[in-house]
Amino acid sequence: MFDSIAPRYDLMNRIMTFRLDVAWRRRTVAALDLPGGSTVMDVACGTGDLCRDLHRAGHRAIGLDMSWGMLAAARTDAPLLHADALLQPARSGAIDGLSCGFALRNFTALEPFLSEAARLLRQGGRMALLEVDRPTSPVLRAGHGLYFGKVVPLVGGLFSDRDAYRYLPRSVAYLPPEPELLAMIAAAGFSDVDKVRLSGGIAQLITATRS
Ligand SMILES: C[S@@+](CC[C@H](N)C(=O)[O-])C[C@H]1O[C@@H](n2cnc3c(N)ncnc32)[C@H](O)[C@@H]1O
């Protein structure tokens with residue numbers, strides 16, 4: 001699916017989120033709160049937006065993704081790895097930071113991803129996970145459901161692959177409820193696990209420190 005949407009992926013992101021995704025990614029990099037020169041693995045890097053923001057912030061970014069199409073469309077100078085987020089080709093404790101944007105929903109299981117993140121990060125290393133979310137307010141939630149359930153697949157059909165953009169609202173439901181997700185992260189070996197709602201709760205930023 002990601003191979004097929006790769007050529008128009010960036011355009012669709014900007015349209016769907018009215019460019020809010022650009023600010024969310026920058027906030028994700030800032031939330032890592034790491035000194036310049038840190039080595040940061042951007043897991044499921046897609047077309048490399050987060051890698052570019054990491055580079056701009058003075059970090060040494062490495063992108064990792066499983067889709068050849070996404071990697072081929074990537075616009076970044078960062079080294080790119082074709083690999084599975086659930087089994088990453090790097091030695092334990094090798095990285096200072098790990099970012100991951102809009103990909104948690106796509107992993108076949110979260111525990112193996114979190115245990116890989118904990119293995120790769122040095123002690124005190126930081127993780128920042130950016131993901132879509134559903135607003136808690138019932139009114140906003142209804143509008144959000146309508147937008148992602150009806151409008152996004154329509155626009156996706158015009159510019160890209162309609163079925164792929166139908167998958168988006170369904171994939172949000174796949175994430176475990178907030179307390180369960182945060183507990184899962186803590187259990188994988190992280191402390192200071194924190195979640196911030198972005199833009200009225202349509203996105204979320206989870207940060208944690210490797211214990
Ligand atoms: C919605 S895109 C997000 C891309 C990018 N992080 C961003 O912020 O725009 C999800 C990405 O996750 C990748 N992906 C899904 N499952 C993966 C896995 N098990 N290992 C590595 N990448 C994976 C897909 O290939 C796709 O590029």
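The structure is a predicted model, in which local features need pLDDT of at least 70 and side-chain atom pairs count only at pLDDT 80 or more, while totals for chains, interfaces and linings use all residues. Residues are numbered from 1 along each chain as its sequence is written.

The protein chain contains 9 helices and 7 strands; these are DSSP runs numbered from the N terminus, with helices (H or I) of at least four residues and strands (E) of at least two. Its radius of gyration is 16 Å, close to the 17 Å that the globule rule gives for 211 residues, so the chain is as compact as a globular protein of that length. The radius is taken over C-alpha atoms, and the globule rule is 2.2 Å times the number of residues to the power 0.38. Along its principal axes, the C-alpha trace spans about 45 × 35 × 30 Å. Of the 211 residues, 40% are buried; a residue is buried if 20 or more other C-beta atoms lie within 10 Å of its own, exposed if 12 or fewer, and partly exposed in between, with C-beta atoms placed from the backbone. Among contacts with a separation of 6 or more, 62% join residues 24 or more positions apart, a contact being a pair of residues whose C-beta atoms, placed from the backbone, lie within 7 Å.

Because 5 of its 6 residues are buried, strand 2 is largely enclosed by the rest of the structure. Strand 1 (residues 39-43) runs parallel to strand 2 and is joined to it by 5 bridges; two strands pair if DSSP finds at least two bridges between them. Within this pairing, Met41 stands opposite Ile62. Together with helix 4 (residues 49-56), strands 1 and 2 make a right-handed β-α-β unit. Right-handed here means that, with the strands pointing away from the viewer, the path from the first strand over the helix to the second runs clockwise.

Strand 2 is also parallel to strand 3 (residues 80-82), with 3 bridges between them, and Leu64 has Leu81 in strand 3 as its bridge partner. The chain passes from strand 2 to strand 3 through helix 5 (residues 68-73), and this β-α-β crossover is right-handed as well.

Met66 lies in the loop between strand 2 and helix 5. This residue is partly exposed, because 18 other C-beta atoms lie within 10 Å. Residues up to four places away in sequence aside, Met66 touches Ala83 and Asp84.

Elsewhere, strand 6 (residues 190-198) and strand 7 run antiparallel, joined by 7 bridges. Val196 is paired with Leu205 in strand 7. In this hairpin, with 4 residues between the strands, Ser199 takes a positive phi near 50 degrees. Ala203 belongs to strand 7 (residues 203-210) and is buried, because 22 other C-beta atoms lie within 10 Å. Neighbours within four places in sequence aside, Ala203 is in contact with Trp24, Leu130, Glu131, Val132, Asp133 and Leu198.

How values were computed: Contact = placed C-beta atoms within 7 Å.
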